[in-house]
Amino acid sequence: MTRFGRVALAGRPNVGKSSLLNAIVGEPLAMVSPKAQATRMPVVGLRTEGEVQLAFHDLPGLLDPGYLLQSRMVDMAIRDLEAADVALHLHPAAEAPAPPLASLLPAGVRLPPTTLLAYTKADLVEAGRIPPGQLAVSAVTGQGVAELVAALAAAVPEGEWQYPADDLGTQPLRFFVTEYLREAAFELLEDELPYAFAAEVEEFRETTDPVYIRATLYVERDSQKRILIGGQGRTIKAIGQHARKRLEGLMGRRVYLETWVKVLPKWRQSSDLLSRLGYPDPSSRSSSR
Ligand SMILES: Nc1nc2c(ncn2[C@@H]2O[C@H](COP(=O)(O)OP(=O)(O)OP(=O)(O)O)[C@@H](O)[C@H]2O)c(=O)[nH]1
Ligand SMILES: [Mg+2]
């Protein structure tokens with residue numbers, strides 16, 4: 001009898017959710033950054049082993065929203081959390097003990113039947129810092145990851161697998177184009193710029209060799225556009241190169257990535273622009289997956 005379960009990776013921003021997803025899947029699927037609020041929408045990674053298929057939903061960090069993009073991020077996190085079989089609450093080991101997961105959420109959120117707590121970044125603390133009997137993992141050393149996956153596999157219900165056994169992810173390649181462009185923006189830009197940055201795929205042709213992709217990069221102000229382009233186009237070129245290499249790694253194919261920069265004032269506060277950029281209004285869509 002097979003088992004299938006969705007596991008929601010939930011916690012505050014920057015606790016190591018995406019790094020753990022990548023460690024579990026064994027591929028650098030989700031973008032990771034030392035800057036908080038890197039993940040803006042859930043990234044799904046699969047792990048299929050023996051009789052069990054686990055679908056991990058790496059969620060945006062749970063925070064008190066300050067502007068509309070942040071509320072949409074939290075809405076998407078809550079939606080996937082409520083649909084999961086298991087909530088995996090992640091909290092840095094250096095900040096043990098963790099508060100209850102419910103304390104990070106607005107009132108009224110329905111948590112899944114099972115919640116597990118795991119302490120992250122265990123490589124940064126002495127073993128004694130971790131409360132006895134608790135799961136502790138490190139995405140850097142791999143410590144505790146196999147034990148965690150075993151505990152999750154035991155917690156999910158019997159059921160049909162939802163994805164092919166060999167698949168690592170579920171989202172279209174277009175999603176990863178914007179994800180890796182954003183990853184580069186988080187790596188190469190400072191201050192407010194990574195947060196004012198968004199990307200949209202305009203064209204994606206897989207029949208050509210190399211694969212041809214054209215994307216528009218958005219920022220909110222002219223001054224940001226100048227920085228994003230950089231002297232002699234150096235910065236935008238580096239961003240494109242970073243994203244291209246990541247996509248080539250994911251697809252195992254050569255990629256030609258063309259980028260254009262546009263100013264889209266206040267897109268983070270605009271309901272319509274957010275929806276267009278892939279951060280939908282939760283009230284305007286069905287709750288089925
Ligand atoms: N030493 C160490 N650093 C880690 C570990 N896991 C994550 N980090 C670092 O912590 C930072 C945040 O990691 P992410 O995986 O992006 O965290 P996140 O929870 O997904 O963050 P948001 O998407 O912003 O909510 C990055 O600089 C990671 O390299 C770990 O196990 N050990
Ligand atoms: Mg993340």
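Phe-175, Phe-176 and Tyr-180 come together as one aromatic cluster in this predicted model.

Let's start with Phe-186 and Tyr-195. Their ring centres lie 5.3 Å apart with the planes at 70°, so this pair is edge-to-face; planes over 60 degrees apart count as such. Phe-186 and Tyr-195 are both buried.

Trp-267 and Tyr-279, by contrast, form a stacked pair, with 6.5 Å from centre to centre and 20° between the planes. This pair links distant parts of the chain: Trp-267 belongs to the loop between β9 (255-263) and α8 (271-276), while Tyr-279 sits in the segment after α8, 12 residues apart. Here too, both residues, Trp-267 and Tyr-279, are buried.

Now to the metal. Which residues coordinate the magnesium ion (ligand 2)? The donors are Ser-18, through OG, and Thr-39, through OG1, at 2.0 to 2.1 Å. Ser-18 is part of helix α1 (residues 17-25) and Thr-39 is in the loop between α1 and β2 (43-49), so the two tie together parts that are 21 residues apart in sequence. Both Ser-18 and Thr-39 are buried.

| Helix pair | Angle between axes | Distance between axes |
|---|---|---|
| α1 and α3 (residues 145-155) | roughly 85° | within 10 Å |
| α6 (residues 222-229) and α7 (residues 234-251) | about 65° | 4 Å |

On the α1 side, Leu-20, Ala-23 and Ile-24 meet Val-145, Leu-148 and Val-149 of α3. The make-up of this contact is 6 nonpolar residues, with no polar and no charged ones.

What about α6 and α7? Angles from 65 to 115 degrees count as roughly perpendicular, and α6 and α7 are therefore described that way as well. Ile-227, Leu-228 and Ile-229 in α6 touch Arg-234, Thr-235, Ile-236 and Ile-239 in α7. The residues of this contact divide into 5 nonpolar, 1 polar and 1 charged.

How values were computed: Residues numbered from 1 in each chain as written. Chains lettered and ligands numbered in written order. Predicted model: local features only at pLDDT ≥ 70, side-chain atom pairs only at ≥ 80, totals over all residues. Heavy atoms only, no water. Axes fitted to C-alpha atoms, helices over the stretch in contact; angles between N-to-C directions. Parallel < 35°, antiparallel > 145°, perpendicular 65-115°, else oblique. Contact = heavy atoms within 4.5 Å. Nonpolar A, V, L, I, M, F, W, Y, C, P; charged D, E, K, R; others polar. Donors = N, O, S within 2.8 Å, 3.2 Å for Na, K, Ca; no water. Buried < 20%, exposed > 50% of the residue type's maximum accessible area, 1.4 Å probe, protein only. Phe/Tyr/Trp six-rings, centres within 6.5 Å; stacked < 30°, edge-to-face > 60°.
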